[in-house]
Amino acid sequence: MPKQVDPEARRRHVVDALFRVVVRDGLQRTSLRAVADEAQLNIGSLRHYFASQQELMRFAMQSMLDRLGARLLAHVERIGDLGQHPRAEQLPLAAGLLAELLPLDERRHAEVTVFLDFNTAARTDPAFGELSRRTAEGARRFVRRVLARLDAAGALRAGLDLDLETERLTALLDGLGLSGVLHPGLLDPQACLDVLHAHLAELGAAD
């Protein structure tokens, strides 16, 4: 009998191989052949998933977003209402949520790398523009929700403009992600965290 293939397991296997190739070679240099070789599959098997390199690039970005979204949701559910936690824990808990967007370990480094490569491609390829825009909007909504939850818990200074602070914090996270991927020798994971914690501390309410 032919060997039964679990489609979901195969998909995860292909995604893992795809991420390794992207991190090593860059998204725009990632070919179907390279991913097939990395996944130890023949090219015909891979074409069940992608008909072109463009489809592969969109799949890489969407897979990264799906993984990140699932992880953020699980993290939010573990934390629950920030107001239920002691004041001293509220800003660190929020920092832990936001740190999921930073290249602090191998997994998150791969995700931020895919994000940066995809958005570089989207600058000149309109086929990727919509997903790139939705990703940017999603990041802002997430940052805004974290700040709103802190504000509702009384952890932020009174009178802050949350729309403005959303843009400031989003820009900070974008900059840390870019530097952390491009210049890890200048900005290591601990430095990324230190900058994030310092920024949130500046927004915090006085004890």
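View 1. Not counting residues up to four places away in sequence, Leu196 touches Ala95, Leu98, Ala99, Leu102, Leu169 and Leu173, where contact means heavy atoms within 4.5 Å. The model is predicted, so local features need pLDDT of at least 70, side-chain atom pairs count only at pLDDT 80 or more, and totals for chains, interfaces and linings use all residues. Residues are numbered from 1 along each chain as its sequence is written, and side-chain values use heavy atoms, with hydrogens and water left out. Leu196 is also among the residues with the most contacts inside the largest nonpolar core, which has 30 residues; the others are Leu98, Leu150, Leu156, Leu169 and Leu200. At least two residues of this core come from each of α4, α5 (87-98), α7, α8 (162-182) and α9 (189-203). A second, separate core of 27 residues includes Phe19, Val22, Phe59 and Met61. Here a nonpolar core is a set of buried Ala, Val, Leu, Ile, Met, Phe, Trp, Tyr and Cys residues joined through side-chain atoms within 4.5 Å; buried means under 20% relative accessible area, exposed over 50%, and partly exposed in between (1.4 Å probe, protein chains only).

**View 2. The whole chain, for orientation.** The protein chain has nine helices and zero strands, with helices (H or I, at least four residues) and strands (E, at least two) taken as DSSP runs numbered from the N terminus. Its C-alpha trace spans about 65 × 40 × 30 Å along the principal axes. Of the 207 residues, 40% are buried. Among contacts with a separation of 6 or more, 69% are between residues 24 or more positions apart.

View 3. Phe118 belongs to helix α6 (residues 106-122), while Phe128 sits in the loop between α6 and α7 (129-152), 10 residues apart. Phe118 counts as buried because its relative accessibility is 0%, and Phe128 is buried too, with a relative accessible area of 2%.

View 4. Ser132 is found in helix α7 and is buried, with a relative accessible area of 12%. Leaving aside neighbours within four places in sequence, Ser132 is in contact with Phe118, Asn119 and Ala122. Glu130 lies in helix α7 and, at 41% relative accessibility, counts as partly exposed. The side chains of Glu130 and Arg133 make a polar contact at 2.7 Å; such a contact is a pair of N or O atoms within 3.5 Å where, within protein, one must be able to donate a hydrogen and the other to accept it, and residues adjacent in sequence count only if both atoms are side-chain atoms.

**View 5. Helix α2 under cover.** Leu32, Ala34, Val35, Ala36 and Ala39 are the buried residues of helix α2 (residues 32-39). Their cover includes α1 (7-25), α3 (43-46) and α4 (53-79). Gln40 follows α2 and has a positive phi, near 55°.
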